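Open the model in your viewer and keep the selection panel handy.

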Amino acid sequence: MTTHIQPNSIVHGDSRAILKHIEPESIACSVWSPPYHVGKEYEVDVTFEEWQSLLRDVITLHYNVLKPGAFLVINIADILCFKDPEMPKIMAENVSRRKVNVTREQILAIQLEHPEYSRYQIAELLGCSEQTIDRRLNGNNIRGGKYDTQTRVKLVGGLLEEMALAAGLYLYDRRVWIKDAAWENSRWHSISYRAVDEFEYLYIFWKPGITRIDKHRLTKEEWTNWGSRAVWMIPSVRANDDHEAKFPLALPQRIIQLFTEPGDIVLDCFLGSGTTAVAAILAGRRYIGIEKEQKYVELAKVACERAVPEQDEVALGNSNGQNHRPPLRQLRLLHERRASSS
Ligand SMILES: C[S@@+](CC[C@H](N)C(=O)[O-])C[C@H]1O[C@@H](n2cnc3c(N)ncnc32)[C@H](O)[C@@H]1O
């Protein structure tokens, strides 16, 4: 007899192996944020092919564990600095930052008159350095050193859609999470036309089956503020000192409130610091979390211990089907109060 993973567990291991031990059709909603292939500590040495293969395997395994009509929600961003050895060197004539008042036209005029002049001779004539002549003629490499591999943007939504479709899951909806602009990750932005990194996606995949639609899960105000909105403005986590890629508690809280009912099982197979499990506990749901790094398993367990809601603070819905939950903001404050007092 196979023993399945019990609800309210955090399992240490690789989700590709652990997902096989979850009871089939038991998960009401799976919400997670995988490694983004951007070189974080927990993804060093993982090639792009290995990264894709991890996502494909995990998505494929979801078909079996999700209840019919349930959702898989993936939070991810495009890869903004995707290395491409085939890409031509990015050149930029950086006119706005020019310190030396020498123009390309002046150099070309000298070259026309004295085709035998070297760059050094032209530099001497114009009273500037040889590098300035080189930059005016050949442009700047605006990202990294001259010999670094160039980077471009890699969209990931299409990859996920294709993987999910092959697994029998359909893209039902997508939302954009506007977080704080990450200026510190975009120091190069001032010498390019590229935007700073300030949004991520939520891709919502559906497993065919009957989906229970209950408009009472949110208040009228919540529907107006975020339930029906495609764009969610949620500040990022400020203190990423214990885990470098936490998502804010409000993110899984909203997903859980929208797509599940009290007592349902919520899955996160890239659990990290345990945010999804905490959100599930606060909302009176059960959870299963999977994480491959032992140190994050410990972190998540501590977070879950602190998150146990008091019965009178988290109502589980009353007999006439009406929800009497405290609003999300109140739950968040309660959780933060507990975390800081321990
Ligand atoms: C983006 S982080 C998730 C952060 C999480 N949402 C939070 O709020 O803390 C991705 C996590 O997936 C874990 N991970 C990477 N590959 C894994 C795998 N194959 N199986 C399980 N966990 C994995 C990493 O150690 C990392 O903690």
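Start by selecting Arg 119, Tyr 120, Ile 122 and Ala 123 in α4, which meet Glu 130, Thr 132, Ile 133 and Asp 134 in α5. Contact here is a C-beta to C-beta distance within 7 Å, with C-beta atoms placed from the backbone. Helices are DSSP runs of H or I with at least four residues, strands are E runs of at least two, and both are numbered from the N terminus. Four nonpolar, one polar and three charged residues make up this contact; nonpolar covers Ala, Val, Leu, Ile, Met, Phe, Trp, Tyr, Cys and Pro, charged covers Asp, Glu, Lys and Arg, and the others, Gly among them, are polar.

A note before moving on: this is a predicted model, where local features need pLDDT of at least 70 and side-chain atom pairs count only at pLDDT 80 or more, while totals for chains, interfaces and linings use all residues. Residues are numbered from 1 along each chain as its sequence is written.

Next, go to Pro 34, in the loop between β2 (27–32) and α2 (48–65). Is Pro 34 buried or exposed? Pro 34 is buried because 20 C-beta neighbours lie inside 10 Å; the cut-off for buried is 20 or more, for exposed 12 or fewer, with partly exposed in between. Beyond its neighbours within four places in sequence, Pro 34 contacts Leu 55, Ile 76 and Phe 270.

Finally, select Phe 270 again: along with Lys 246, Gly 272, Ser 273 and Thr 275, Phe 270 is among those that come nearest of the 20 residues around the ligand, where near means a C-beta atom within 6 Å. That shell has nine nonpolar, six polar and five charged residues.

Key:
Two residues are in contact if their C-beta atoms, placed from the backbone, lie within 7 Å.
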